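Please have a look at it first.

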Amino acid sequence: MTSTEATLLSDLHSIVGDRGLLTGTDVTLRSCDPFRAVPPEGPAIVRPASTGELSQIMALCHARGQRVVVHGGRTGVAGGAYAGPAEIVISLERMARIVEIDPVGLTATVEAGATVEAVQNAAMEQGLLYPIDLGAKGSATIGGTIATNAGGNRVIRWGMTRQNVLGLEAVLSDGTIVSAMNRYLKNNTGYDVKQLFIGSEGTLGVVSRAVLKLVAQPRTQLVAFLSLSSFQAVLDLLVRARRLQQLSAFEVMWQDYYAMVAGHDATRRPVDPSQPFYVLLELMGFDEAADQAAFNSLLEEAFDAGLIVDAVAATSLKQVGELWRVREGSEILVREMAPFISFDISVDIRRADAFAQAVRQALTTTFGEVKIVTFGHLGDSNLHIGAHIGSDTLARAHEIEATVYAVVRQFDGALTAEHGIGQMKRDFLPDHVDAGALTLMRRVRDALDGTRIINHDVLF
Ligand SMILES: Cc1cc2nc3c(=O)[nH]c(=O)nc-3n(C[C@H](O)[C@H](O)[C@H](O)COP(=O)(O)OP(=O)(O)OC[C@H]3O[C@@H](n4cnc5c(N)ncnc54)[C@H](O)[C@@H]3O)c2cc1C
(Lines give C-alpha, C1' and ligand atoms only; values in the text may rest on other atoms or scores of the structure.)
Protein backbone atom coordinates (compact mmCIF):
# COMPACT_ATOMS: atom_id res chain seq x y z
CA MET A 1 0.00 0.00 0.00
CA THR A 2 1.38 3.46 -0.93
CA SER A 3 1.60 6.19 1.71
CA THR A 4 -1.07 8.22 -0.16
CA GLU A 5 -3.40 5.23 0.02
CA ALA A 6 -2.64 4.69 3.71
CA THR A 7 -3.40 8.35 4.44
CA LEU A 8 -6.67 8.14 2.49
CA LEU A 9 -7.77 5.03 4.39
CA SER A 10 -6.84 6.61 7.72
CA ASP A 11 -8.85 9.75 6.85
CA LEU A 12 -11.82 7.65 5.74
CA HIS A 13 -11.56 5.67 8.96
CA SER A 14 -11.78 8.85 10.96
CA ILE A 15 -15.15 9.54 9.26
CA VAL A 16 -16.77 6.10 9.42
CA GLY A 17 -14.92 4.23 12.20
CA ASP A 18 -14.05 0.52 12.36
CA ARG A 19 -17.44 -0.79 11.19
CA GLY A 20 -17.48 1.55 8.24
CA LEU A 21 -14.21 0.56 6.59
CA LEU A 22 -13.52 -2.83 5.02
CA THR A 23 -10.13 -3.89 3.66
CA GLY A 24 -8.26 -7.12 2.81
CA THR A 25 -10.36 -10.25 2.34
CA ASP A 26 -13.52 -8.32 3.25
CA VAL A 27 -12.97 -6.63 -0.10
CA THR A 28 -11.48 -9.41 -2.20
CA LEU A 29 -14.15 -11.94 -1.25
CA ARG A 30 -16.94 -9.68 -2.54
CA SER A 31 -18.17 -9.66 -6.10
CA CYS A 32 -19.32 -6.68 -8.15
CA ASP A 33 -21.32 -9.05 -10.40
CA PRO A 34 -24.28 -11.23 -9.38
CA PHE A 35 -23.33 -14.18 -11.59
CA ARG A 36 -19.55 -14.51 -11.32
CA ALA A 37 -16.69 -13.55 -9.02
CA VAL A 38 -15.51 -10.06 -9.94
CA PRO A 39 -13.97 -8.59 -6.75
CA PRO A 40 -13.39 -4.86 -6.38
CA GLU A 41 -9.75 -4.25 -7.32
CA GLY A 42 -9.23 -1.21 -5.09
CA PRO A 43 -8.04 -1.22 -1.48
CA ALA A 44 -11.24 -0.52 0.46
CA ILE A 45 -15.00 -0.51 0.82
CA VAL A 46 -16.36 2.46 2.78
CA ARG A 47 -19.73 2.03 4.44
CA PRO A 48 -21.25 5.30 5.67
CA ALA A 49 -24.00 5.05 8.30
CA SER A 50 -25.64 8.39 7.47
CA THR A 51 -26.00 11.03 4.77
CA GLY A 52 -23.66 13.24 6.82
CA GLU A 53 -20.89 10.62 6.71
CA LEU A 54 -21.50 10.03 3.01
CA SER A 55 -21.18 13.76 2.36
CA GLN A 56 -17.87 13.91 4.26
CA ILE A 57 -16.55 10.91 2.31
CA MET A 58 -17.44 12.54 -1.01
CA ALA A 59 -15.91 15.88 0.01
CA LEU A 60 -12.69 14.10 1.01
CA CYS A 61 -12.52 12.06 -2.22
CA HIS A 62 -13.30 15.15 -4.28
CA ALA A 63 -10.49 17.11 -2.65
CA ARG A 64 -8.03 14.26 -3.31
CA GLY A 65 -9.27 13.44 -6.84
CA GLN A 66 -10.08 9.95 -5.55
CA ARG A 67 -12.42 7.91 -7.77
CA VAL A 68 -15.30 6.01 -6.17
CA VAL A 69 -17.73 3.34 -7.34
CA VAL A 70 -21.12 3.10 -5.64
CA HIS A 71 -22.49 -0.26 -4.51
CA GLY A 72 -26.08 -1.17 -3.71
CA GLY A 73 -26.99 -4.86 -3.74
CA ARG A 74 -24.54 -5.66 -6.59
CA THR A 75 -27.26 -7.37 -8.63
CA GLY A 76 -26.78 -5.06 -11.61
CA VAL A 77 -26.00 -6.96 -14.80
CA ALA A 78 -24.35 -4.20 -16.85
CA GLY A 79 -21.06 -4.03 -14.92
CA GLY A 80 -21.95 -0.68 -13.34
CA ALA A 81 -20.58 -1.76 -9.95
CA TYR A 82 -17.21 -3.02 -11.25
CA ALA A 83 -14.40 -1.21 -9.40
CA GLY A 84 -10.85 -0.88 -10.79
CA PRO A 85 -7.56 -0.68 -8.83
CA ALA A 86 -7.67 3.12 -8.53
CA GLU A 87 -11.23 3.17 -7.17
CA ILE A 88 -12.63 2.73 -3.70
CA VAL A 89 -16.13 1.36 -3.22
CA ILE A 90 -18.84 3.22 -1.33
CA SER A 91 -21.46 0.75 -0.16
CA LEU A 92 -24.86 1.88 1.11
CA GLU A 93 -25.39 -1.33 3.11
CA ARG A 94 -25.38 0.41 6.50
CA MET A 95 -27.97 2.94 5.33
CA ALA A 96 -30.93 0.57 5.05
CA ARG A 97 -33.58 1.97 7.39
CA ILE A 98 -37.26 2.09 6.51
CA VAL A 99 -37.89 5.50 8.04
CA GLU A 100 -41.66 5.71 7.62
CA ILE A 101 -44.61 4.10 5.89
CA ASP A 102 -47.39 6.66 5.55
CA PRO A 103 -50.68 4.82 4.96
CA VAL A 104 -52.60 8.06 4.36
CA GLY A 105 -50.26 9.83 1.95
CA LEU A 106 -49.28 6.43 0.47
CA THR A 107 -45.53 6.94 0.76
CA ALA A 108 -42.50 5.03 2.03
CA THR A 109 -39.54 7.08 3.21
CA VAL A 110 -36.41 4.92 3.16
CA GLU A 111 -32.65 4.98 3.14
CA ALA A 112 -31.10 3.99 -0.19
CA GLY A 113 -29.49 0.78 1.06
CA ALA A 114 -32.87 -0.80 1.98
CA THR A 115 -33.66 -3.75 -0.25
CA VAL A 116 -36.70 -3.72 -2.51
CA GLU A 117 -38.03 -6.74 -0.61
CA ALA A 118 -37.65 -5.03 2.79
CA VAL A 119 -39.66 -2.07 1.48
CA GLN A 120 -42.30 -4.38 -0.01
CA ASN A 121 -42.60 -6.24 3.31
CA ALA A 122 -42.89 -3.04 5.35
CA ALA A 123 -45.56 -1.74 2.96
CA MET A 124 -47.46 -5.02 3.05
CA GLU A 125 -47.74 -4.83 6.85
CA GLN A 126 -49.91 -1.75 6.27
CA GLY A 127 -51.93 -3.30 3.44
CA LEU A 128 -49.88 -1.46 0.83
CA LEU A 129 -47.70 -2.41 -2.13
CA TYR A 130 -44.42 -1.07 -3.47
CA PRO A 131 -45.01 -2.30 -7.02
CA ILE A 132 -41.41 -2.53 -8.31
CA ASP A 133 -40.78 -6.26 -8.34
CA LEU A 134 -37.83 -8.14 -9.77
CA GLY A 135 -36.14 -11.51 -9.37
CA ALA A 136 -33.26 -9.89 -7.47
CA LYS A 137 -35.52 -8.05 -4.98
CA GLY A 138 -33.97 -9.76 -1.93
CA SER A 139 -30.62 -8.05 -2.61
CA ALA A 140 -31.33 -5.17 -5.03
CA THR A 141 -31.53 -1.87 -3.14
CA ILE A 142 -33.73 1.17 -3.53
CA GLY A 143 -30.63 3.24 -4.42
CA GLY A 144 -29.54 0.72 -7.07
CA THR A 145 -33.02 0.45 -8.56
CA ILE A 146 -33.29 4.25 -8.69
CA ALA A 147 -29.81 4.58 -10.24
CA THR A 148 -30.72 2.04 -12.94
CA ASN A 149 -34.42 2.99 -13.22
CA ALA A 150 -35.19 -0.70 -12.77
CA GLY A 151 -38.27 -2.20 -14.36
CA GLY A 152 -39.16 -5.77 -13.54
CA ASN A 153 -42.26 -7.91 -13.65
CA ARG A 154 -45.13 -5.46 -13.12
CA VAL A 155 -44.16 -2.49 -15.29
CA ILE A 156 -47.16 -3.18 -17.53
CA ARG A 157 -49.40 -2.10 -14.63
CA TRP A 158 -47.40 0.29 -12.44
CA GLY A 159 -44.50 1.51 -14.57
CA MET A 160 -40.74 1.62 -14.02
CA THR A 161 -38.94 2.90 -10.91
CA ARG A 162 -39.18 6.43 -12.33
CA GLN A 163 -42.97 6.27 -12.03
CA ASN A 164 -42.72 5.10 -8.41
CA VAL A 165 -40.34 7.66 -6.90
CA LEU A 166 -41.78 10.88 -5.49
CA GLY A 167 -38.61 12.37 -4.08
CA LEU A 168 -35.02 11.64 -3.20
CA GLU A 169 -31.88 12.89 -1.54
CA ALA A 170 -28.50 12.61 -3.24
CA VAL A 171 -24.92 13.54 -2.41
CA LEU A 172 -22.94 15.15 -5.22
CA SER A 173 -19.31 14.43 -6.03
CA ASP A 174 -18.09 17.37 -3.91
CA GLY A 175 -20.18 16.36 -0.89
CA THR A 176 -23.08 18.76 -1.49
CA ILE A 177 -26.33 17.26 -0.17
CA VAL A 178 -29.29 17.74 -2.54
CA SER A 179 -32.51 17.18 -0.63
CA ALA A 180 -35.49 16.78 -2.94
CA MET A 181 -37.54 14.58 -0.60
CA ASN A 182 -40.86 15.51 -2.17
CA ARG A 183 -43.85 13.59 -0.76
CA TYR A 184 -46.55 14.97 -2.99
CA LEU A 185 -48.10 13.78 -6.23
CA LYS A 186 -48.31 17.40 -7.26
CA ASN A 187 -45.27 19.62 -6.84
CA ASN A 188 -44.19 21.97 -9.61
CA THR A 189 -41.72 23.98 -7.57
CA GLY A 190 -38.92 24.46 -10.09
CA TYR A 191 -37.05 21.71 -11.94
CA ASP A 192 -37.92 18.20 -10.83
CA VAL A 193 -34.33 17.47 -9.79
CA LYS A 194 -34.98 13.88 -8.71
CA GLN A 195 -35.34 12.97 -12.38
CA LEU A 196 -31.65 13.80 -12.91
CA PHE A 197 -30.63 10.96 -10.63
CA ILE A 198 -33.19 8.33 -11.67
CA GLY A 199 -31.52 6.23 -14.35
CA SER A 200 -28.22 8.14 -14.07
CA GLU A 201 -26.41 4.94 -13.05
CA GLY A 202 -24.67 6.74 -10.21
CA THR A 203 -22.79 9.12 -12.51
CA LEU A 204 -24.41 12.31 -11.19
CA GLY A 205 -24.43 11.63 -7.44
CA VAL A 206 -25.00 9.03 -4.76
CA VAL A 207 -28.66 8.49 -3.89
CA SER A 208 -28.91 8.39 -0.09
CA ARG A 209 -32.68 8.44 0.68
CA ALA A 210 -35.95 8.30 -1.21
CA VAL A 211 -39.68 8.82 -0.91
CA LEU A 212 -41.48 6.04 -2.78
CA LYS A 213 -45.04 5.92 -4.01
CA LEU A 214 -47.17 3.10 -2.59
CA VAL A 215 -50.48 1.70 -3.81
CA ALA A 216 -53.16 -0.39 -2.12
CA GLN A 217 -52.11 -4.03 -1.87
CA PRO A 218 -54.29 -6.00 -4.31
CA ARG A 219 -56.29 -8.77 -2.64
CA THR A 220 -56.34 -11.21 -5.54
CA GLN A 221 -53.49 -12.65 -7.59
CA LEU A 222 -54.47 -14.94 -10.46
CA VAL A 223 -51.72 -16.58 -12.48
CA ALA A 224 -51.83 -18.88 -15.49
CA PHE A 225 -49.04 -20.50 -17.47
CA LEU A 226 -49.95 -21.02 -21.11
CA SER A 227 -48.50 -22.55 -24.24
CA LEU A 228 -49.24 -21.07 -27.66
CA SER A 229 -48.60 -22.29 -31.17
CA SER A 230 -47.71 -19.02 -32.90
CA PHE A 231 -46.41 -15.53 -32.20
CA GLN A 232 -49.58 -14.05 -33.70
CA ALA A 233 -51.49 -15.93 -30.97
CA VAL A 234 -49.22 -14.29 -28.34
CA LEU A 235 -50.02 -10.85 -29.77
CA ASP A 236 -53.77 -11.55 -29.96
CA LEU A 237 -53.73 -12.74 -26.34
CA LEU A 238 -51.84 -9.62 -25.25
CA VAL A 239 -54.39 -7.36 -26.97
CA ARG A 240 -57.24 -9.17 -25.16
CA ALA A 241 -55.40 -9.18 -21.80
CA ARG A 242 -54.66 -5.45 -22.03
CA ARG A 243 -58.40 -4.73 -21.99
CA LEU A 244 -58.44 -5.87 -18.35
CA GLN A 245 -57.55 -3.26 -15.77
CA GLN A 246 -56.35 -6.07 -13.48
CA LEU A 247 -53.53 -7.11 -15.82
CA SER A 248 -50.28 -7.03 -13.80
CA ALA A 249 -47.84 -9.19 -15.80
CA PHE A 250 -47.51 -10.58 -19.30
CA GLU A 251 -44.24 -12.49 -19.52
CA VAL A 252 -43.28 -14.40 -22.64
CA MET A 253 -40.82 -17.25 -23.03
CA TRP A 254 -39.68 -18.62 -26.37
CA GLN A 255 -39.31 -22.39 -26.59
CA ASP A 256 -35.49 -22.24 -26.36
CA TYR A 257 -35.84 -20.69 -22.88
CA TYR A 258 -38.69 -22.88 -21.64
CA ALA A 259 -37.18 -26.13 -22.93
CA MET A 260 -33.96 -25.35 -21.06
CA VAL A 261 -35.62 -24.47 -17.73
CA ALA A 262 -38.28 -27.21 -17.91
CA GLY A 263 -35.73 -29.74 -19.14
CA HIS A 264 -33.44 -29.22 -16.16
CA ASP A 265 -35.99 -28.89 -13.41
CA ALA A 266 -39.07 -31.13 -13.50
CA THR A 267 -40.77 -28.91 -10.91
CA ARG A 268 -40.72 -26.11 -13.49
CA ARG A 269 -42.66 -27.84 -16.28
CA PRO A 270 -46.29 -26.78 -15.86
CA VAL A 271 -47.13 -27.56 -19.52
CA ASP A 272 -45.59 -29.72 -22.22
CA PRO A 273 -42.54 -28.03 -23.81
CA SER A 274 -43.58 -28.78 -27.39
CA GLN A 275 -44.97 -25.37 -28.43
CA PRO A 276 -42.95 -22.39 -29.71
CA PHE A 277 -44.26 -19.83 -27.13
CA TYR A 278 -45.18 -19.71 -23.41
CA VAL A 279 -46.90 -16.93 -21.51
CA LEU A 280 -47.12 -16.23 -17.80
CA LEU A 281 -50.24 -14.16 -17.36
CA GLU A 282 -51.14 -12.46 -14.08
CA LEU A 283 -54.11 -10.43 -12.90
CA MET A 284 -54.24 -8.59 -9.59
CA GLY A 285 -57.33 -6.92 -8.21
CA PHE A 286 -59.58 -6.21 -5.28
CA ASP A 287 -62.76 -8.19 -5.96
CA GLU A 288 -62.35 -11.94 -5.78
CA ALA A 289 -65.50 -12.89 -7.69
CA ALA A 290 -65.13 -10.24 -10.39
CA ASP A 291 -61.39 -10.87 -10.88
CA GLN A 292 -61.87 -14.62 -11.11
CA ALA A 293 -64.68 -14.12 -13.63
CA ALA A 294 -62.51 -11.81 -15.76
CA PHE A 295 -59.62 -14.30 -15.59
CA ASN A 296 -61.82 -17.27 -16.52
CA SER A 297 -63.51 -15.53 -19.40
CA LEU A 298 -60.19 -14.27 -20.81
CA LEU A 299 -58.83 -17.83 -20.81
CA GLU A 300 -62.05 -19.33 -22.17
CA GLU A 301 -62.29 -16.81 -24.98
CA ALA A 302 -58.62 -17.34 -25.82
CA PHE A 303 -59.15 -21.11 -25.93
CA ASP A 304 -62.25 -20.70 -28.09
CA ALA A 305 -60.34 -18.43 -30.47
CA GLY A 306 -57.65 -21.10 -30.77
CA LEU A 307 -54.96 -18.89 -29.19
CA ILE A 308 -53.98 -21.21 -26.33
CA VAL A 309 -52.84 -24.81 -26.72
CA ASP A 310 -52.47 -25.72 -23.04
CA ALA A 311 -52.93 -23.89 -19.73
CA VAL A 312 -52.30 -24.35 -16.03
CA ALA A 313 -53.89 -21.91 -13.60
CA ALA A 314 -52.56 -21.59 -10.04
CA THR A 315 -55.05 -22.56 -7.37
CA SER A 316 -52.97 -21.59 -4.34
CA LEU A 317 -50.35 -19.02 -3.39
CA LYS A 318 -47.79 -21.83 -3.44
CA GLN A 319 -48.65 -22.56 -7.08
CA VAL A 320 -48.45 -18.87 -7.93
CA GLY A 321 -44.84 -18.98 -6.68
CA GLU A 322 -44.14 -22.18 -8.60
CA LEU A 323 -45.36 -20.71 -11.89
CA TRP A 324 -43.32 -17.55 -11.37
CA ARG A 325 -40.24 -19.73 -10.71
CA VAL A 326 -40.47 -20.99 -14.29
CA ARG A 327 -40.05 -17.45 -15.56
CA GLU A 328 -37.30 -16.73 -13.05
CA GLY A 329 -34.94 -19.54 -13.99
CA SER A 330 -31.81 -17.40 -14.14
CA GLU A 331 -29.70 -19.84 -12.10
CA ILE A 332 -30.45 -22.59 -14.64
CA LEU A 333 -29.42 -20.29 -17.49
CA VAL A 334 -26.23 -19.35 -15.69
CA ARG A 335 -25.42 -23.05 -15.24
CA GLU A 336 -26.45 -24.32 -18.67
CA MET A 337 -25.40 -21.40 -20.84
CA ALA A 338 -22.11 -20.43 -19.15
CA PRO A 339 -20.37 -18.48 -20.42
CA PHE A 340 -22.99 -16.33 -22.08
CA ILE A 341 -23.62 -12.73 -23.06
CA SER A 342 -26.96 -11.27 -22.04
CA PHE A 343 -28.98 -8.68 -23.90
CA ASP A 344 -31.80 -6.50 -22.60
CA ILE A 345 -33.44 -4.64 -25.43
CA SER A 346 -36.73 -2.96 -26.26
CA VAL A 347 -38.30 -3.54 -29.64
CA ASP A 348 -41.69 -3.01 -31.30
CA ILE A 349 -43.80 -5.77 -29.69
CA ARG A 350 -45.33 -6.70 -33.05
CA ARG A 351 -41.87 -7.40 -34.48
CA ALA A 352 -40.38 -9.12 -31.41
CA ASP A 353 -40.35 -12.61 -32.92
CA ALA A 354 -38.98 -11.33 -36.23
CA PHE A 355 -36.29 -9.59 -34.17
CA ALA A 356 -35.50 -12.77 -32.21
CA GLN A 357 -35.21 -14.73 -35.47
CA ALA A 358 -33.00 -12.04 -37.03
CA VAL A 359 -30.69 -12.17 -33.99
CA ARG A 360 -30.46 -15.96 -34.28
CA GLN A 361 -29.77 -15.69 -37.99
CA ALA A 362 -27.09 -13.02 -37.55
CA LEU A 363 -25.31 -14.94 -34.77
CA THR A 364 -25.46 -18.23 -36.68
CA THR A 365 -24.12 -16.62 -39.84
CA THR A 366 -21.22 -15.06 -37.94
CA PHE A 367 -20.36 -17.73 -35.37
CA GLY A 368 -21.83 -21.03 -36.62
CA GLU A 369 -23.70 -23.11 -34.06
CA VAL A 370 -24.96 -20.97 -31.17
CA LYS A 371 -27.07 -21.52 -28.06
CA ILE A 372 -29.69 -18.81 -27.55
CA VAL A 373 -32.50 -18.26 -25.05
CA THR A 374 -35.19 -15.60 -25.50
CA PHE A 375 -37.68 -14.42 -22.90
CA GLY A 376 -38.84 -11.25 -21.22
CA HIS A 377 -41.38 -8.68 -20.24
CA LEU A 378 -42.96 -8.67 -23.71
CA GLY A 379 -45.95 -6.63 -22.57
CA ASP A 380 -43.43 -3.80 -21.97
CA SER A 381 -41.67 -4.33 -25.37
CA ASN A 382 -38.69 -5.74 -23.40
CA LEU A 383 -36.81 -8.88 -24.44
CA HIS A 384 -33.90 -10.60 -22.72
CA ILE A 385 -31.66 -12.74 -24.89
CA GLY A 386 -28.79 -14.94 -23.72
CA ALA A 387 -26.22 -16.03 -26.33
CA HIS A 388 -23.46 -18.63 -26.06
CA ILE A 389 -21.20 -19.34 -29.02
CA GLY A 390 -18.82 -21.80 -27.31
CA SER A 391 -15.97 -21.67 -24.81
CA ASP A 392 -14.65 -18.47 -26.43
CA THR A 393 -17.91 -16.59 -25.78
CA LEU A 394 -16.37 -14.12 -23.33
CA ALA A 395 -13.23 -13.61 -25.41
CA ARG A 396 -15.44 -12.69 -28.39
CA ALA A 397 -18.01 -10.75 -26.36
CA HIS A 398 -17.51 -7.54 -28.29
CA GLU A 399 -18.08 -9.24 -31.66
CA ILE A 400 -21.22 -10.97 -30.34
CA GLU A 401 -22.53 -7.68 -28.98
CA ALA A 402 -21.74 -5.81 -32.20
CA THR A 403 -23.65 -8.46 -34.16
CA VAL A 404 -26.74 -8.29 -31.95
CA TYR A 405 -26.74 -4.50 -31.59
CA ALA A 406 -26.58 -4.14 -35.39
CA VAL A 407 -29.89 -6.03 -35.48
CA VAL A 408 -31.25 -3.82 -32.69
CA ARG A 409 -30.49 -0.77 -34.83
CA GLN A 410 -32.03 -2.38 -37.89
CA PHE A 411 -35.26 -2.86 -35.90
CA ASP A 412 -35.05 0.63 -34.38
CA GLY A 413 -34.91 -0.93 -30.92
CA ALA A 414 -33.43 0.38 -27.66
CA LEU A 415 -29.92 -0.72 -26.62
CA THR A 416 -31.09 -1.37 -23.08
CA ALA A 417 -34.63 -1.54 -21.74
CA GLU A 418 -34.04 -1.76 -18.00
CA HIS A 419 -30.54 -2.94 -17.06
CA GLY A 420 -28.70 0.21 -18.12
CA ILE A 421 -25.45 0.87 -19.96
CA GLY A 422 -23.03 0.25 -17.07
CA GLN A 423 -19.49 -0.43 -18.25
CA MET A 424 -20.52 -3.24 -20.57
CA LYS A 425 -22.49 -1.29 -23.18
CA ARG A 426 -20.70 2.05 -23.14
CA ASP A 427 -18.91 1.45 -26.46
CA PHE A 428 -22.28 1.03 -28.15
CA LEU A 429 -24.05 4.04 -26.64
CA PRO A 430 -23.02 6.61 -29.30
CA ASP A 431 -24.56 4.45 -32.04
CA HIS A 432 -27.88 4.23 -30.22
CA VAL A 433 -28.62 7.78 -29.04
CA ASP A 434 -28.95 11.03 -30.89
CA ALA A 435 -25.69 13.04 -30.98
CA GLY A 436 -27.41 16.09 -29.49
CA ALA A 437 -28.83 14.04 -26.64
CA LEU A 438 -25.37 12.60 -25.92
CA THR A 439 -23.87 16.10 -25.88
CA LEU A 440 -26.50 17.17 -23.36
CA MET A 441 -25.76 14.11 -21.19
CA ARG A 442 -22.05 14.99 -21.21
CA ARG A 443 -22.79 18.62 -20.26
CA VAL A 444 -24.99 17.56 -17.35
CA ARG A 445 -22.33 15.16 -16.09
CA ASP A 446 -19.59 17.78 -16.50
CA ALA A 447 -21.69 20.25 -14.51
CA LEU A 448 -22.19 17.85 -11.60
CA ASP A 449 -18.97 15.84 -11.62
CA GLY A 450 -16.50 17.60 -13.90
CA THR A 451 -13.55 15.42 -12.86
CA ARG A 452 -15.66 12.28 -13.03
CA ILE A 453 -14.80 10.81 -9.68
CA ILE A 454 -18.08 8.87 -9.35
CA ASN A 455 -18.50 5.70 -11.46
CA HIS A 456 -15.82 6.96 -13.85
CA ASP A 457 -16.14 4.14 -16.40
CA VAL A 458 -19.94 3.93 -16.40
CA LEU A 459 -22.15 5.18 -19.28
CA PHE A 460 -19.66 7.18 -21.43
C1 LIG B 1 -31.80 -12.60 -10.91
C2 LIG B 1 -31.86 -11.16 -11.36
C3 LIG B 1 -33.05 -10.65 -11.86
C4 LIG B 1 -33.12 -9.32 -12.28
N5 LIG B 1 -34.29 -8.85 -12.79
C6 LIG B 1 -34.38 -7.57 -13.17
C7 LIG B 1 -35.60 -7.06 -13.70
O8 LIG B 1 -36.58 -7.77 -13.85
N9 LIG B 1 -35.63 -5.75 -14.03
C10 LIG B 1 -34.54 -4.91 -13.89
O11 LIG B 1 -34.64 -3.72 -14.20
N12 LIG B 1 -33.37 -5.38 -13.42
C13 LIG B 1 -33.26 -6.67 -13.06
N14 LIG B 1 -32.07 -7.15 -12.58
C15 LIG B 1 -30.90 -6.26 -12.51
C16 LIG B 1 -30.70 -5.58 -11.13
O17 LIG B 1 -31.38 -6.25 -10.11
C18 LIG B 1 -31.14 -4.12 -11.20
O19 LIG B 1 -30.31 -3.42 -12.11
C20 LIG B 1 -31.10 -3.38 -9.85
O21 LIG B 1 -31.68 -2.13 -10.02
C22 LIG B 1 -29.69 -3.21 -9.28
O23 LIG B 1 -29.80 -2.78 -7.93
P24 LIG B 1 -28.58 -2.97 -6.92
O25 LIG B 1 -28.94 -2.38 -5.63
O26 LIG B 1 -28.17 -4.39 -6.91
O27 LIG B 1 -27.47 -2.07 -7.63
P28 LIG B 1 -25.94 -2.38 -7.92
O29 LIG B 1 -25.83 -3.58 -8.78
O30 LIG B 1 -25.17 -2.37 -6.67
O31 LIG B 1 -25.57 -1.10 -8.79
C32 LIG B 1 -26.11 -0.89 -10.06
C33 LIG B 1 -25.68 0.49 -10.56
O34 LIG B 1 -26.28 1.51 -9.76
C35 LIG B 1 -25.28 2.27 -9.07
N36 LIG B 1 -25.77 2.51 -7.71
C37 LIG B 1 -26.10 1.58 -6.79
N38 LIG B 1 -26.58 2.17 -5.68
C39 LIG B 1 -26.53 3.51 -5.91
C40 LIG B 1 -26.87 4.66 -5.13
N41 LIG B 1 -27.35 4.57 -3.89
N42 LIG B 1 -26.68 5.87 -5.70
C43 LIG B 1 -26.18 6.00 -6.96
N44 LIG B 1 -25.83 4.95 -7.72
C45 LIG B 1 -26.01 3.73 -7.21
C46 LIG B 1 -24.02 1.43 -9.13
O47 LIG B 1 -22.86 2.22 -9.08
C48 LIG B 1 -24.18 0.70 -10.45
O49 LIG B 1 -23.76 1.53 -11.51
C50 LIG B 1 -31.96 -8.49 -12.19
C51 LIG B 1 -30.77 -9.01 -11.67
C52 LIG B 1 -30.70 -10.33 -11.27
C53 LIG B 1 -29.41 -10.83 -10.71
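This is a predicted model: local features need pLDDT of at least 70, side-chain atom pairs count only at pLDDT 80 or more; totals for chains, interfaces and linings use all residues.

In helix H4, which spans residues 116-124, the residues Val-116, Val-119, Gln-120, Ala-122 and Ala-123 are buried, where buried means under 20% relative accessible area, with a 1.4 Å probe and protein chains only. Because these residues cover an arc of only 165 degrees around the axis, they lie on the same side of H4, the arc being that of the directions from the helix axis to the C-beta atoms. An α-helix has 3.6 residues a turn, so residues three or four places apart point the same way. Among the elements that cover the buried residues of H4 are strand E5 (98-102), strand E6 (107-111), helix H5 (142-148) and strand E10 (206-213).

Residues are numbered from 1 along each chain as its sequence is written, and side-chain values use heavy atoms, leaving out hydrogens and water.

Stepping back, the chain has 16 helices and 18 strands, which are DSSP runs numbered from the N terminus, helices (H or I) having at least four residues and strands (E) at least two. Of its 460 residues, 53% are buried. Along the principal axes, the C-alpha atoms fill a box of roughly 70 × 55 × 45 Å. If we count contacts (heavy atoms within 4.5 Å) with a separation of 6 or more, residues 24 or more positions apart account for 72% of them.

Technical notes
Buried means under 20% relative accessible area, exposed over 50%, partly exposed in between (1.4 Å probe, protein chains only).
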